[in-house]
Amino acid sequence: VFGKKVLMLKEDILKILKSDGGYISGEDICSRCHVSRTAVWKAVKRLKEEGYQIDAVRNRGYRLLPGTDVLNNAEIGAVLSGIPFLKEFRFFPTIDSTNKAAKLLAEEGSSGPALVVADEQTAGRGRRGRTWISPPGTGIWMSILLRPDLPAEKSSMITLVSALAVTEGIREVTGVACGIKWPNDIVADGRKICGILTEMSTDMDGISYIVTGIGINANTEEFPPEIAAVASSLKIETGKTVQRVKIIGAVMRKFAVYYEKFVRDGSFQGLKDLYEEYLVNQGREVAVLDPKGEYRGVAEGISDDGELLVRTEDGSVHTVLSGEVSVRGIYSYT
Ligand code: BT5
């Protein structure tokens with residue numbers, strides 16, 4: 001009973017502090033929560049231990065500092081409660097990979113859409129066995145589990161849906177003018193702030209499930225030397241701490257809209273124009289690392305199926321499928 005009381009008090013105090021940007025006196029909190037000054041002090045201490053930055057000033061009271069960025073079950077639950085699209089979510093302080101966890105959820109029978117979020121990944125993955133650096137306390141490492149009724153060949157387009165949702169979600173919350181580097185990177189100032197990894201499992205009926213994993217560098221201040229030149233974060237771009245839950249909420253709201261449209265249409269056609277507005281490759285020279293040999297051309301947008309259209313010097317237009325080739329923007333980060 002005592003533990004539950006403390007928990008409720010903590011939540012009540014958080015709510016009060018969140019509803020007001022300024023200082024609230026301890027007395028005020030006591031009378032609103034019907035508890036003693038000591039109880040308030042203890043609950044505030046607990047909140048601080050959980051990562052909430054609360055300033056306590058004698059004669060003024062308590063204030064939640066704007067630099068606070070806490071990722072936990074309650075914060076994520078609150079932000080997702082307004083998104084009926086998601087049927088389930090899981091939060092892990094640390095996990096090997098959220099893509100792996102989402103696949104396990106699917107194997108256990110979850111019908112989705114479900115979201116798995118972690119504060120840290122110990123074995124975050126990129127494409128083709130590459131590593132995704134996912135330290136604790138700074139990033140958004142999350143995976144969406146989906147079971148769309150679509151032919152398997154459309155699954156790669158989910159990466160485009162995710163890219164659109166991430167770009168708009170980040171823009172909405174932070175104002176960072178990020179764009180999409182086809183097919184799976186979000187970049188700001190020519191540096192990667194987000195990577196997307198979509199994986200699929202099929203059975204005799206087609207797609208069994210799809211997991212689309214999204215890694216966003218939110219409050220990262222420094223990167224290890226191997227990616228320092230090519231990576232950036234929202235904090236580096238804005239100079240401010242961003243609240244990861246806000247980004248998660250905004251990205252998921254956008255994702256719900258675009259995913260539902262995509263599945264309803266059975267095509268990316270209706271999202272193509274919007275996607276191209278954010279496409280940083282658009283009209284720029286790209287190098288296509290085709291297994292049959294590298295070639296260069298100018299990206300002219302995407303096809304209805306989400307392939308990149310590249311016009312080469314002889315005037316012919318090539319369609320580049322994600323997965324079989326990589327595209328390198330000559331003027332961007334690699
Ligand atoms: C990707 O692969 O960009 C897909 C990354 C997907 C990560 C998410 S996090 C949640 C979910 N769970 C997972 O285990 N994965 C997903 P790719 O295009 O192959 O890029 C990988 C390359 O990006 C690496 O080889 C590095 O050069 C670089 N890189 C690694 N960590 C990075 C980071 N945090 N920020 C920017 N670049 C990074």
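Helices and strands here are DSSP runs, numbered from the N terminus. Keep in mind that you're working with a predicted model.

**Exercise 1. Where is Asp 189 found, and is it buried or exposed?**

Step 1: Find the neighbours. Asp 189 is found in the loop between E7 and E8.

Step 2: Check the accessibility. Exposed means over 50% relative accessible area. Asp 189 comes in at 68%, so it counts as exposed.

Step 3: Look at the backbone. Phi of Asp 189 is near 50 degrees, which is a positive value in a residue other than glycine. Most residues other than glycine have a negative phi.

**Exercise 2. What is phi of His 34 near, and in which loop is His 34 found?**

Step 1: Read off the angle. His 34 isn't glycine, yet its phi is positive, near 55 degrees.

Step 2: With a relative accessible area of 71%, His 34 is exposed.

**Exercise 3. Take the peptide bonds from Gly 112 to Pro 113 and from Trp 182 to Pro 183: are they cis or trans?**

Step 1: Most peptide bonds are trans.

Step 2: Omega for the bond from Gly 112 to Pro 113 is near -10 degrees, and the bond is cis. You'll find Pro 113 in the loop between H5 and strand E4 (114–121).

Step 3: Pro 183 belongs to the loop between strand E6 (179–181) and strand E7 (185–188).

**Exercise 4. Which residues of helix H4 are buried, and which exposed residues does the face turned away from them carry?**

Step 1: List the buried residues. Helix H4 covers residues 73–80, and its buried residues are Glu 75, Ile 76 and Leu 80.

Step 2: Ask how they are arranged. They span an arc of only 120 degrees around the axis, so they sit on the same side of H4. Here's the background: an α-helix has 3.6 residues a turn, so residues three or four places apart point the same way.

Step 3: Turn to the other face. Pointing away from the buried side of H4 are the exposed residues Ala 74 and Ala 78.

Step 4: Look at the start of the helix. There, a side-chain oxygen of Asn 72 gets to within 3.2 Å of the backbone nitrogen of Ala 74.

**Exercise 5. Which residues are buried in H5, and why are they on the same side?**

Step 1: Collect the buried set. In H5 these are Thr 98, Asn 99, Ala 101, Ala 102, Leu 105 and Ala 106.

Step 2: Check the opposite face. Leu 104 and Glu 107 are exposed there, on the face of H5 turned away from its buried side.

**Exercise 6. How many residues surround the ligand, and which are the closest?**

Step 1: Count the shell. The ligand is surrounded by 26 residues, and the closest are Ser 97, Arg 125, Arg 130, Lys 192 and Asn 217.

Step 2: Go through some polar atoms. One nitrogen atom of the ligand is 2.8 Å from an N or O atom in the side chain of Asn 217. Gln 121 has a polar side-chain atom 2.8 Å from a nitrogen atom of the ligand. For Asn 184, a polar side-chain atom lies 3.2 Å from an oxygen atom of the ligand.

Step 3: On its own it has 790 Å² of accessible area, and the protein covers 91% of that.

Step 4: Name the site. The ligand takes up the space of the largest pocket. Helix H5 (98–107), strand E5 (139–146), strand E8 (191–203) and strand E9 (206–217) are the elements that each give two or more residues to the shell.

**Exercise 7. Which side chain does Glu 168 make a polar contact with?**

Step 1: Locate Glu 168. It lies in helix H6 (residues 157–174).

Step 2: Test its accessibility. Buried means under 20% relative accessible area. The value for Glu 168 is 9%, so this residue is buried.

Step 3: Find the partner. The side chain of Glu 168 makes a polar contact with the side chain of Tyr 258, at 2.4 Å.

Terms used. Residues numbered from 1 in each chain as written. Predicted model: local features only at pLDDT ≥ 70, side-chain atom pairs only at ≥ 80, totals over all residues. Heavy atoms only, no water. Buried < 20%, exposed > 50% of the residue type's maximum accessible area, 1.4 Å probe, protein only. Helix = DSSP H or I, 4+ residues; strand = E, 2+ residues; numbered from the N terminus. Arc of directions from axis to C-beta. Polar contact = N/O pair within 3.5 Å; in protein donor to acceptor, adjacent residues only side chain to side chain. Near = heavy atom within 4 Å. Areas by Shrake-Rupley, 256 points an atom, 1.4 Å probe, with all protein chains shown as cover. 1 Å grid on protein atoms, 1.4 Å probe; cavity = no way out; pocket = protein on both sides within 12 Å on 5 of 7 lines; lining within 4 Å. Sits in = over half its atoms within 2 Å of the grid points.
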